[in-house]
Amino acid sequence: MIPIEYWLVFSSLLFCIGAYGVLTRKNAIVVLMCIEIMLNSANINLVMFSSYHSVLHGTVDPSGQVFTLFSIAIAAAEVAVGLAILLSVYRRYQTIEVDKINILRW
Amino acid sequence: MMENIPVLSLTILLPLIGALISFLLGKRGHMAKWVALIFSAAAFILSLALAYEFVVDPSSAAAGEIEGYSNGYQYYESHVWIEAIGINYIVGIDGISLPMFVLTTLLCMLSIIFSWDTDRRPKEYFGLMLILEVGVLGVFVSLDYFMFYVFWEIVLIPMYLMIGIWGGPRKDYAAIKFFIYTHVASLAMLIAIMAMYFEASLGTFSMEAIATQSVDFSRGMQVAIFAAMFFGFGVKLPMVPFHTWLPDAHVEAPTAGSVLLAGLLLKMGGYGLIRVAIPSLPSGAEDMVVVMAVIAVASILYGAVLCLAQNDLKKMVAYSSISHMGFVLLGYATLGELGVVAGVFQMFAHGLVTAVLFMMCGVVQHKCGTRLIDNLGGLAKKMPIAAALMTIGFLASLGLPGLVSFAAEFMVFAAVFFKWGLWIFLPIIAVVVTAAYYLWALQRSMFGPMTEKIDLSHVKDVDWYEGLPVAILIVLIAIFGVFPYLIFSRIGPAVEIALRAFGGG
Amino acid sequence: MLEYAWLIPVFPFVAFLLISLLPKRTLSWEDGAGYAIGGAAGALILSALVIGDVLAGNTMVGDGPKFTWLVVADIEVTFGIWIDQLTAIMLVVVAIVGTLVVIYSGGYMHEEAERRRRYYAEIMLFISVMYGLVISDNYLQMFIFWELVGLCSYLLIGFWYEKPSAASAAKRAFIVTRVGDIMFMAGIIILFKYVGSLDFANLFGDEGVAAVPNDMMILATALIFGGAIGKSAQFPLHEWLPDAMEGPTTVSALIHAATMVKAGVYLTARSYPLLVQAPDTLLFVAVIGGVTALIAATVALVATDIKRVLAYSTISQLGYMTLALGAGGYLVVYADSAGGYSAALFHLMNHAFFKALLFLCAGSVIHAVGTNDMRMMGGLGKKMKITSLTMLVGAIAISGVPPFSGFWSKDEVLAAVYSAGEFNSLFLLLWIMGIATAFMTAFYMFRMWFMTFAGEPRSDYHAHESPKLMTVPLMILAALAMTSGFVLFIGDGFGAFSGDSISELFHGGHHESAADILSHIFGDPLTYVSLVLAVMGILLAYRMYYVPGFDRSVFARGLSGRLQKALENRWYISRFYDDFAVKVVYGFSLVADAFDRYVIDGIVNGFAFLGARSGNVIRRTQTGNVQRYTSLIVVGLCLLLIFMLYIVPWGGW
C-alpha cells in the first residue's frame with residue numbers, strides 16, 4: 001500500500017493550492033473552482049482513511065466512501081447555487097471580480 | 001382572615017390584569033384611566049388590608065403559627081418555578097418591605113389620579129404605569145434572587161418608555177441615559193447574584209437559603225460581591241458620583257413618571273441594600289462601611305449644594321432627592337439597628353414627601369407653562385392653594401419636626417454620632433443648606449411681586465385631580481410625623497433580624 | 001390639675017384647625033377672630049389654673065402622663081409634660097401676652113379682609129406650639145416645638161409675602177435660626193448618646209449628669225446654648241430679628257418680643273442642671289449675652305425705623321437675660337445662690353410685658369400714620385393720648401426708673417453680674433458693658449418717644465386714636481408694666497419662687513422679707529449708678545430730641561461720623577452675611593453645578609461618546625472584501641492551532 005504520509009501530503013497540497021486560489025484570485029468563478037479543489041482534498045482524506053480503516057481492522061466499512069459520494073453531490077449542488085448567484089451578481093454589477101463586489105462593508 | 005389567600009400574589013396580579021385590559025381597550029382609550037384607577041385602587045385596598053393584618057410584635061403568640069415567620073416574613077408563598085436550576089417563586093413580606101409595599105400601591109394610585117387629564121395615548125400610558133407597579137411590587141416582595149432580578153428589570157422598561165414617549169424636549173437623551181445607566185448597574189447586581197449562587201452552590205436562588213451560606217463566605221469574596229451589589233443598588237439610590245442620570249430623567253419625565261421614579265424606583269436601591277447586600281454579606285458590609293459613609297455624606301452635601309444653583313424647580317427637587325437618599329445610605333452605613341431603621345423610615349418618608357414635591361412642580365408646569373424659577377414669582381397671589389401645598393411639601397422635605405422626615409433625619413444623626421462621634425457636623429450642615437435652597441426657591445417662585453415674564457392672567461389654582469393626591473399625601477405626612485411609632489414599630493423587628501449577622505446590631 | 005396641662009396647647013390648636021379648615025361662609029365673625037380669642041382665652045384660663053397649682057407648691061417633674069413617640073432598639077422616646085416654677089413663669093408670659101395680642105389683632109388686622117383668616121390661623125398655631133414648647137418634658141419634644149415656633153415665625157414674618165423684603169426677611173429668619181437649631185440638635189444628640197434618654201427627669205438626675213464625660217458636657221451645653229443664640233437672636237446670629245420686623249406689628253410683639261425669642265432664654269434656664277456642670281459654658285453664655293446687649297444697644301441709638309429700634313432693644317434685653325443666666329450659673333456653682341437665675345427670669349417676665357406694650361403702641365402709631373419711619377412722625381402725642389401715655393409707661397419701665405417693673409429686674413441682673421465678678425473678673429467687664437447698655441437703653445427709648453410723640457408733625461398724615469379693641473390691651477399691658485415688678489415682694493418673693501425650680505442645685509434657699517429685699521436694693525450703691533445713668537440717658541434724649549435747635553450734625557464728622565456710619569450699617573454684620581451667602585455659598589454651589597454638569601456628566605457622556613466613536617473606528621475593518629475576511633480566518637486558525645499545540649503544553653495548563 002502507498003504509505004499514508006503520501007496521501008496526507010497530497011491532500012494537504014491540494015488544500016493549500018485551493019486555499020491560495022481562494023485568497024488570491026479575483027475572478028469569482030476561479031474562486032469557486034478553488035473551493036472545489038479544497039473540497040476534493042477533504043474527499044481524498046475521507047476515502048483514504050476509510051480504506052486504511054478497513055485494512056487495519058480487517059472489517060469492511062464503506063461509510064467513509066459513502067460520505068465522499070454524499071459530499072460530491074453536495075458540492076455539485078453548491079456549484080449550481082454558486083454559479084447562479086454569480087450570474088445574478090454579473091447581471092447586476094457587470095463584473096464578477098470579488099474585490100469589486102464590496103457593498104457589504106461598514 | 002387572610003391566612004389562606006395568596007394576598008401578595010393577588011396584589012401583584014391585579015395591576016397586571018389592569019394593564020392587559022388597558023392595552024386591549026382598542027378604540028375606547030378614554031376608559032384607560034378608569035381601568036387603571038380601579039385596579040390600582042383594588043391593589044391599594046388589598047395592601048392596606050394586608051398592613052392591617054400584619055403581625056407587628058414578633059413575640060406575640062400568633063407569630064409562631066405563621067409560616068416562614070422565623071425569618072420575619074409573613075404571607076409567605078413558595079412555589080417551584082424552574083426546578084432544574086433551582087428557581088422558585090417565593091414571596092413574603094416583613095417590616096422592611098411592608099412600608100415600601102403600601103407606599104407603592106398608594107403612590108401608583110395617586111399618580112394615576114394625578115394624570116387624569118392625560119389624553120396622549122392614554123391606553124399605553126396607564127397600562128405602562130400599572131406594569132411599573134407590578135415590577136416595583138415584585139421587587140419589594142421577592143425572596144428569590146432570580147425573581148428579584150426579573151422584576152427589577154421589568155421596572156426599567158415602562159419607565160424608559162414613559163420618559164421616551166411622554167417626556168420633555170430632551171426625552172431621548174434622558175431616556176437612553178436612564179436606561180443604560182441603571183442597566184449597567186443591574187448587570188453588576190446580576191454578576192453579584194451569580195457569584196453568590198455559585199459560591200453558595202446550593203442549587204437554589206432562594207435568598208434565605210443563600211443567606212445562610214453567604215455569611216460564611218471568605219472575607220475577600222464577600223467584599224467583592226458586596227462591592228458589586230453596592231454599585232448596583234447605589235446607582236439606583238442614587239449615590240454621588242453615579243447620580244447624573246437622575247436630574248436628566250426627572251427633568252424630562254412626565255410628572256407622574258417623576259413621582260414614581262423618585263418615590264419608588266430610588267427606594268428599590270435602598271431596599272436592595274438592606275434586604276440583600278447587608279444581611280447576606282456582613283463582613284463585606286463591614287469592610288465597606290467607610291466607603292458607604294463617605295459616599296453618603298458626599299451625596300448629602302453635594303446634592304444639597306447643587307440644589308442651591310438650580311433654576312428649574314423640578315431639577316432642584318431631583319437633586320434634593322440625591323441629598324435625602326444620602327441619609328438612607330448614611331443610616332445603613334452605621335450598621336446599627338438605630339441607623340438602619342432610620343434609613344428605612346427615611347425611604348418611606350422621602351417617598352411621601354418627594355411625591356408631593358414633584359406633583360407640585362407638575363402643577364406649576366401645567367398652569368404656568370414653565371418651571372424656571374427666574375420666570376416665576378408671586379404665584380401665591382394667583383394660586384394660594386398651590387402655594388400652601390408647595391410650602392408644606394418643602395417644609396416637610398427640609399425636615400420640619402412634626403412632619404415625617406424629621407424623625408428619620410434625627411435618628412440618622414443620632415446613629416452617626418453614636419458610631420462616629422463628632423463627624424456628625426459634616427452631614428448636619430446639610431440641614432441648613434436644605435432649608436436655604438427650599439425657602440429661597442419658595443421666595444423667588446411663590447412670593448414677592450407677581451412676575452411680568454409670563455402671562456399669569458389665565459392661571460388657575462390647582463384642579464381637583466391635582467389637589468386631591470397632594471392633600472392625601474400631606475395628611476399622611478402629618479400623621480406619620482406625629483406618630484412615627486406606627487412605622488418604626490414595624491421596621492424595628494425586621495431590621496433586628498436583618499442585622500443578626502452583626503451580633504445583635 | 002397639672003395632669004391636664006397638656007390641654008393648654010389643645011385649645012389654640014383646635015382654634016387653628018377650625019379657622020383653617022372651616023368653609024369660608026360658616027367661618028365669618030371677622031374671619032376667625034372670635035375663634036382665635038376663644039382659643040387663646042381657653043388656654044389662658046387653663047394656664048391660670050395650672051399656675052395656681054404651681055403657686056400652691058405642686059409641680060409635675062417627670063411623673064406625668066407619657067405618650068410614646070417612637071421605639072427603636074433599646075431606645076424609647078416618649079413625650080410628656082413638665083410643670084415647675086420655670087414653666088409657670090413662661091406660661092404667665094405666653095398666656096397673658098398671647099391673649100392680649102390676639103384681642104388687639106381684632107382691631108389691627110381689621111383692614112386685611114382677605115388675609116385675616118390666614119393670620120389668625122397662623123397666630124393660633126404659634127400660640128399652640130409655644131405652649132407645647134413651654135410644657136415639654138424632654139429635649140426632643142422641645143426641639144420639635146422649637147422648630148414649629150420657628151415655622152410660625154417664618155410664616156408670619158412673610159405675612160405680606162408679595163413684598164420682596166418681607167419674603168426675604170422670612171427666609172433669612174428661618175435659615176439663621178436654623179443654624180442655631182442644628183447646634184441644638186447636635187447638642188441633644190450628644191446627651192442622647194451618653195444618657196440614652198432625652199427626658200429632663202433622666203438627664204437632670206445625678207446619674208444622667210454623671211454619665212456625660214466632662215468635655216462632652218461642655219460641648220453639649222455649648223451647642224444647646226447655640227440653639228438659644230439662634231432663637232433668642234444673640235450675637236452673632238442676631239441680625240434676623242430686626243429684619244423680622246417686616247411682619248405685622250402684632251407678630252413682632254408676640255413672637256419677636258414676648259414669647260418665641262424668649263424660648264432661647266427659657267432653654268438656657270431649663271438646661272441649668274447641665275450648665276452648672278460646665279462653668280466654661282457659663283462663661284461663654286455670659287460673654288455672648290454681654291456682647292449682644294452692648295452691640296444691639298449701640299445700633300438702636302441710630303435706628304430710624306420705630307420697629308427696628310424696638311427690635312434692637314429686644315436683642316439687647318435678651319442679651320441681658322443671657323448675661324444674667326451666665327452669671328447666675330457662676331453664683332449657683334460658687335456662691336450657692338440662685339440670684340442670677342431668678343434675675344434673668346424676672347427680667348424675662350417684665351420684659352415680655354413692657355416690650356409687648358411698646359410694640360403694640362408702635363403698632364398703634366403705625367396703624368395711624370402709615371409709616372415706620374420716625375423721621376416722618378412727630379407731634380402724635382396730642383392726637384393719640386392713650387397710645388402716647390402707655391408707650392411712655394413702657395419706655396420708663398425699660399429704662400429702669402423705679403418703681404416700674406424694668407428697674408427691679410434690671411437691677412437684680414446687674415447685681416448678679418457684679419457679684420459673679422468675685423469669682424471671675426471677666427464679669428466685672430461684663431458688668432460695665434451692662435451698665436453702659438442701661439444708659440444707652442434709656443437714651444434710645446426716649447429718643448424714640450420724643451421723635452414720635454413730641455414736637456411738630458414732620459409729614460402730612462391724619463392720625464387718630466386707635467379703636468378700643470386696641471387701646472384696652474395697651475392699658476392692661478401698661479398696668480402690668482408698672483406693677484409686675486412688685487411680684488418681687490409678694491409671698492416668699494419671686495426670687496424664692498423661681499429658685500425652687502433648680503432647688504436641687506444649691507442649698508441656700510433665701511426667703512427674704514420684702515423689707516429685706518428693699519433695703520438690699522437701695523442699700524447698694526451700685527443701684528444708684530445704674531439709676532443715675534438711666535436718668536442721664538433720658539435727659540440727654542430730652543436735650544437732643546425734644547429741645548429744638550440741637551445741632552446733631554456734629555456727630556456726622558470725623559471718628560464719630562465713621563462710628564455713626566458703622567452703626568447705621570448695623571456694624572456691617574448683616575452685609576457680611578449677605579455677602580457670605582451670595583458670594584461664597586451661592587458661588588460655591590454654582591461651581592459645584594458646573595462641576596456636575598461638565599466634569600461628572602462629562603465623564604458619563606464621554607463614555608458614551610467613546611463607545612460610539614470606537615464603534616465608528618472598528619467598523620472600518622469590515623471592508624466587504626470576502627478574500628480579506630477569509631485570509632483573517634486562515635491566520636486566526638493558524639494562530640489558534642499554534643496556541644493549542646505549542647503554547648498550552650509549554651505553559652503546562
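Predicted model: local features only at pLDDT ≥ 70, side-chain atom pairs only at ≥ 80, totals over all residues.
Biologist: How far apart are the nearest C-alpha atoms of chain A and chain B?

Modeller: Residues are numbered from 1 along each chain as its sequence is written, chains are lettered from A and ligands numbered from 1 in the order in which they are written, and side-chain values use heavy atoms, without hydrogens or water. Chain A and chain B do not touch, where contact means heavy atoms within 4.5 Å. Their nearest C-alpha atoms are separated by 24 Å.

Biologist: Of the two pairs of chains in contact, which share the most contacts?

Modeller: Between chain A and chain C, 13 residues of chain A meet eleven residues of chain C. Between chain C and chain B, 54 residues of chain C meet 56 residues of chain B. The pair that shares the most contacts is chains B and C.

Biologist: Which helix of chain A gives the most to the side that touches chain C?

Modeller: Chain A and chain C bury about 910 Å² between them, 56% of it on carbon and sulfur atoms; buried area is the accessible area (1.4 Å probe) that two parts lose on being put together, summed over both. The count of salt bridges between these chains is zero, a salt bridge being a side-chain nitrogen of Lys or Arg within 4 Å of a carboxyl oxygen of Asp or Glu. With three residues, the element of chain A that gives the most to this side is helix α1 (residues 4-24).

Biologist: Which three residues supply 13% of the area that chain C buries against chain B?

Modeller: Chain C and chain B bury about 4,800 Å² between them, and carbon and sulfur atoms give 77% of this area. More than any other three residues, the ones that supply 13% of the area on chain C are Trp69(C), Tyr161(C) and Arg178(C).

Biologist: With which residue does Asp601(C) form a salt bridge?

Modeller: One salt bridge is found across the interface of chain C and chain B. Its closest N and O atoms are 2.5 Å apart, and the partner of Asp601(C) is Lys177(B).

Biologist: Which element gives the most to the side of chain C that touches chain B?

Modeller: Chain C has 27 helices and two strands; helices (H or I, at least four residues) and strands (E, at least two) are DSSP runs, numbered from the N terminus. Elements that give two or more residues to this side include β1 (60-72), α6 (139-157) and α26 (573-618) of chain C. With 17 residues, the element that gives the most is α7(C).

Biologist: Why does Leu2(C) count as buried?

Modeller: Leu2(C) lies in the segment before α1 (7-21) of chain C. Leaving out residues up to four places away in sequence, its contacts include Val50(C), Met60(C), Ile81(C) and Ile83(C). Buried means under 20% relative accessible area, exposed over 50%, and partly exposed in between (1.4 Å probe, protein chains only). Leu2(C) therefore counts as buried, because its relative accessibility is 5%.

Biologist: What is the mean pLDDT of chain B?

Modeller: In chain B, confidence is lowest in helix α15 (residues 379-382), at a mean of 84, and highest in helix α3 (residues 97-114), at 93. Of the residues of chain B, 96% reach 70 or more, and the mean pLDDT of the chain is 88.

Key. pLDDT = per-residue confidence, 0-100.
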